[in-house]
Amino acid sequence: GDHPDLLLSLRRLRQMCIRDSLSAAEIREREPNASPDVRGGLLVPGESVGDPFMASIAYAEVALANGVDILLGAEIAGVELGQARHPLVTADGYRLPARRIVNAAGLGSRRLADGYGGGAFDINPRRGQFLLFDKSARPLVQHMLLPVPTAHTKGVLVSPTIFGNLLAGPTAEDLPLDDPAATHTTVDGIRRVLEGGSRLVD
């Protein structure tokens with residue numbers, strides 16, 4: 001029978017002008033190493049793999065070319081609110097005057113906002129662990145493979161990278177609100193990535 005979650009995903013994707021659904025046989029034609037448990041899927045032609053490192057470097061280079069100063073390794077310990085300028089105070093005591101401040105500190109944004117009396121908002125730390133496979137595994141998969149998403153997560157994907165590797169992940173682990181720095185890899189997380197990836201690739 002039809003998988004209700006898959007049908008719901010198909011309806012949502014059709015709203016985004018994605019029309020192709022594939023049978024299990026059609027998936028295996030494209031991906032011979034797909035799991036034997038795969039019953040069908042959706043083809044998303046616009047899905048692509050990018051390089052997040054070079055994109056960030058390119059943004060920084062454009063900023064530098066337009067007169068921006070980039071200060072690396074400067075932890076912001078606080079903000080002194082003023083009339084026209086608001087000095088940012090670094091952990092080692094330097095004061096950096098600023099007319100406008102964009103709080104893009106990620107998991108540290110709540111702590112930074114508390115330092116200048118910013119509006120209330122919650123940080124919900126969520127850790128995602130990945131596995132990066134050796135380049136010898138690259139021939140196993142030709143496309144980005146994603147499971148049927150759930151209400152909690154998009155699930156563990158298996159995807160080629162532009163560097164010639166295979167990538168599997170991520171987990172979606174909600175962490176305590178007071179533990180935003182828990183970025184370490186765990187045995188349980190790696191196990192879950194392997195289990196999720198094995199549902200897509202045999």
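Glu-80 has a relative accessibility of 35% and so counts as partly exposed (buried is under 20% relative accessible area, exposed over 50%, and partly exposed in between, with a 1.4 Å probe and protein chains only). That makes a handy place to start. The model is predicted, so local features need pLDDT of at least 70 and side-chain atom pairs count only at pLDDT 80 or more, while totals for chains, interfaces and linings use all residues. Residues are numbered from 1 along each chain as its sequence is written, and side-chain values use heavy atoms, leaving out hydrogens and water.

**Charged pairs**

Take a salt bridge as a side-chain nitrogen of Lys or Arg within 4 Å of a carboxyl oxygen of Asp or Glu, and the count comes to eight. Glu-80 makes one of them with Arg-95, at 2.5 Å from N to O. Glu-80 sits in the loop between strand S3 (76-79) and strand S4 (88-90), and Arg-95 is in strand S5 (residues 95-96), so this pair ties together parts that are 15 residues apart in sequence. Helices here are DSSP runs of H or I with at least four residues, strands are runs of E with at least two, and both are numbered from the N terminus.

With Asp-174 in strand S10 (residues 173-174) and Arg-126 in strand S6 (residues 126-127), the pair ties together parts that are 48 residues apart in sequence. There's also a network of salt bridges that links Arg-127, Glu-173, Asp-188, Arg-191, Arg-192 and Glu-195.

| Residue | Relative accessibility | Class |
|---|---|---|
| Glu-80 | 35% | partly exposed |
| Arg-95 | 49% | partly exposed |
| Asp-114 | 52% | exposed |
| Arg-126 | 41% | partly exposed |
| Thr-161 | 17% | buried |

S4 and S5 are joined by two bridges, and Val-89 stands opposite Arg-95.

Ala-77 belongs to S3. Leaving aside residues up to four places away in sequence, Ala-77 touches Val-89, Thr-90 and Ala-91, where contact means heavy atoms within 4.5 Å. Ala-77 and Tyr-94 are 17 residues apart in sequence, with their C-alpha atoms 9.9 Å apart.

H4 has Ser-109, Arg-110, Leu-112 and Ala-113 as its buried residues. Seen down the axis, they fall within an arc of 160 degrees, so they line one face of the helix; the arc is that of the directions from the helix axis to the C-beta atoms. S3 is among the elements that cover the buried residues of H4. After H4 comes Gly-117, with a positive phi near 70 degrees.

**Helix H5 and the cores**

Helix H5 (residues 187-198) has 12 residues and spans 17 Å from first C-alpha to last, close to the expected 16 Å (1.5 Å times one less than its number of residues). Gly-189, Val-193, Gly-196 and Gly-197 are buried in H5. They cover an arc of only 95 degrees around the axis, which puts them on the same side of H5. The buried residues of H5 pack against strand S7 (131-133), strand S8 (157-160), strand S9 (166-169) and S10.

Val-193 is also one of the 11 residues of the largest nonpolar core, along with others including Leu-131, Val-141, Val-158, Leu-166 and Val-201. A nonpolar core is a set of buried Ala, Val, Leu, Ile, Met, Phe, Trp, Tyr and Cys residues joined through side-chain atoms within 4.5 Å. Beyond residues up to four places away in sequence, Val-141 touches Glu-31, Val-158, Pro-160, Leu-166 and Val-201. A second, separate core of five residues includes Ile-76, Val-79, Ala-98 and Leu-112.

Finally, Thr-161 lies in the loop between S8 and S9. Not counting residues up to four places away in sequence, Thr-161 touches Val-49, Leu-132, Leu-166 and Leu-167.

How values were computed. Pairing = 2+ DSSP bridges.
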